[in-house]
Amino acid sequence: MLRIDCPFCGLRDETEFVYGGDASRKRPDLQETSQDVWNDHVFLRDNPKGPHLEYWFHQHGCRSWLKVQRDVATHEITDVRFADKEKGQG
Amino acid sequence: MARYSAFEIFKQALSGHKNWASAWRDPVPKEKYDVIIIGGGGHGLATAYYLAKEHGIRNVAVLEKGWLGGGNTGRNTTIVRSNYMIEGNTGFYEHSMKLWENLSQELNYNVMFSQRGQYNTFHNPGQMDVARRRANTLRLNGIEAELITAKEMQARVPGLDYSANARFPILGAMYQRRAGTARHDAVAWGYARGADQLGVDIIQNCEVEEFIRDKDRIIGVRTNRGEMRAAKIGMAVAGHSSHVAAKAGLRLPIESHVLQAFVSEPLKPIFDTVISFGAAHFYISQSDKGGLVMGGDIDGYNSYAQKGGMPTMEHVFAAGVSFLPYLSRLKVLRQWGGIMDMSMDGSPIICKSPIDGFYINAGWCYGGFKATPASGWCFAHTIAKDEPHEFNEKFRLDRFSRGYPIDERGAGPTPNAH
């Protein structure tokens, strides 16, 4: 069981959250027309064996999107913050 | 090396079974090979075996970080089937099934392949239509499959909850008669012994630390047991493909996720077949030792930890108990996790990489065990001939950028949904 320290709700079980995947990716500009750039964004992943920045959605809590830094080899969570600093304060 | 046979067992018994030769050598790594295969699981060992047997390339090394078959080959639920519907998958998995059917004889090693059949249940009219379409597609491709009613299934597989009050009433199933199970460790050991007999060096406790390059080409590997060079280097390390490919400077359309499997306390025989629950992700068979072997969904978040979490365990057994109510009274004896290469369309990758001298076998999601023979067979062909076989020509790395994903599930580029 992962436990995520939500900045709004406090320490909660993983079952309250929905996983949102790799948060290190940046969506290209919508004017971007290069196939390679979009291919990289949609399909390719760094998939590191170690610290991983990822999105979690606190569905059964404050309903904020969070950015979590978790080591995917040990499940150690070292940082949790709102994905959107402006709106995340609820 | 002696052939394994009843006579050989009798002969060895005369000296108390103390003189059996090792099934494979423990060679000192050479500096130069024709082909190096990274990964001593089923896929890597099968590749080496078919390189030597089908293509006469015998100066081959298989490098394994730990021990043979200690990764996903030893962690799966041993199910073999070929009921894939999408073009690109159909021919490949059926070829694999044909290789399975003769594997014990071919390798002179009993892989205990048991064609005990496999049922995929359906629970509503929509699912029944989908199953009918799948069965028809399979039959048009020359792969046997049949639809059976709940009544027929109840006669063959008693013990499931067939009542109308079940949480998901069983309407029937798609059945593949030739599907079944095999002894997973024996597959790795059989291929290892077969490859070793043909001259392949199997080098264990040998981890690739970095690749040796000559301009744009990869020409060798630096390992904890020294440097080795080869004109062609193949990677078959599913679970850790991104990790090894990153050393070569490649990013892959893959995420690593953990999948759990479970074995119950041993029971007297209750199932002589393999059953997949159609209303949620749950599958079950019974091993020869009597334990029920079960599995379900991946945990759903990136993981390289070979252990799973309790929420998924609860989820898997909630599905299991709604299907087989008596499961709630059984004890689970063992539980473990394996790391899956979850590709962006749920299908594998077997091809030359964009880097000269480097070949990729990856992205097996959680369907790699059944594919072991054909994976090795096709990867060997791709490495030996520098072009894919007809069976793996669609498993290209560039299919994503070209717009030709092979999305059997129809889930899109969301690896934790396949």
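Biologist: What is the mean pLDDT of chain A, and what does the score stand for?

Modeller: The mean pLDDT of chain A is 93, and 94% of its residues reach 70 or more; pLDDT is the predictor's confidence in each residue, from 0 to 100. This is a predicted model, where local features need pLDDT of at least 70, side-chain atom pairs count only at pLDDT 80 or more, and totals for chains, interfaces and linings use all residues. Residues are numbered from 1 along each chain as its sequence is written, chains are lettered from A and ligands numbered from 1 in the order in which they are written, and side-chain values use heavy atoms, with hydrogens and water left out.

Biologist: Where in chain A is confidence lowest, and where is it highest?

Modeller: Lowest is helix H1 (residues 35-43) of chain A, at a mean of 94, and highest is strand E2 (residues 10-13) of chain A, at 98. Where pLDDT is low, the predicted coordinates should not be read in detail.

Biologist: How many helices and strands does chain A have, and what counts as one?

Modeller: Chain A has 1 helix and 6 strands, in the order β-β-β-α-β-β-β from the N terminus on. Both kinds are DSSP runs numbered from the N terminus: helices are H or I with at least four residues, strands E with at least two.

Biologist: What makes E1(A) and E2(A) a pair?

Modeller: Two strands pair if DSSP finds at least two bridges between them. Strand E1 (residues 3-6) of chain A and E2(A) have 4 bridges, in the antiparallel sense, so they meet that definition. Asp5(A) has Leu11(A) in E2(A) as its bridge partner, and a hairpin of 3 residues joins E1(A) to E2(A).

Biologist: Why are E3 and E6 of chain A called edge strands?

Modeller: The open antiparallel sheet has 4 strands in the order E3-E4-E5-E6 (chain A). Strand E3 (18-22) and strand E6 (77-82) of chain A each pair on one side only. Strand E5 (residues 65-71) of chain A pairs with E6(A) over 5 bridges, and Lys67(A) has Arg81(A) as its bridge partner there.

Biologist: On to chain B. Why are H2(B) and H10(B) called oblique?

Modeller: Helix H2 (residues 42-55) of chain B and helix H10 (residues 368-385) of chain B pack at about 45°, with axes 7 Å apart. Axes are lines fitted to C-alpha atoms, for helices over the stretch in contact, and angles run from 0 to 180 degrees between N-to-C directions. Under 35 degrees counts as roughly parallel, over 145 as roughly antiparallel, 65 to 115 as roughly perpendicular and the rest as oblique. H2(B) and H10(B) are therefore oblique to each other.

Biologist: What makes H2(B) and H7(B) roughly parallel, then?

Modeller: H2(B) and helix H7 (residues 184-197) of chain B pack at an angle of about 30°, with their axes 8 Å apart. That angle makes H2(B) roughly parallel to H7(B).

Biologist: Which residues of H2(B) and H7(B) meet?

Modeller: Among them are Leu45(B) and Tyr49(B) in H2(B), and Ala188(B) and Tyr191(B) in H7(B); contact means heavy atoms within 4.5 Å.

Biologist: How many strands are in the sheet of chain B, and in what order?

Modeller: That open sheet has 8 strands in the order E5-E6-E4-E13-E14-E15-E12-E16 (chain B), with mixed pairing. Its edge strands are strand E5 (146-149) and strand E16 (332-343) of chain B.
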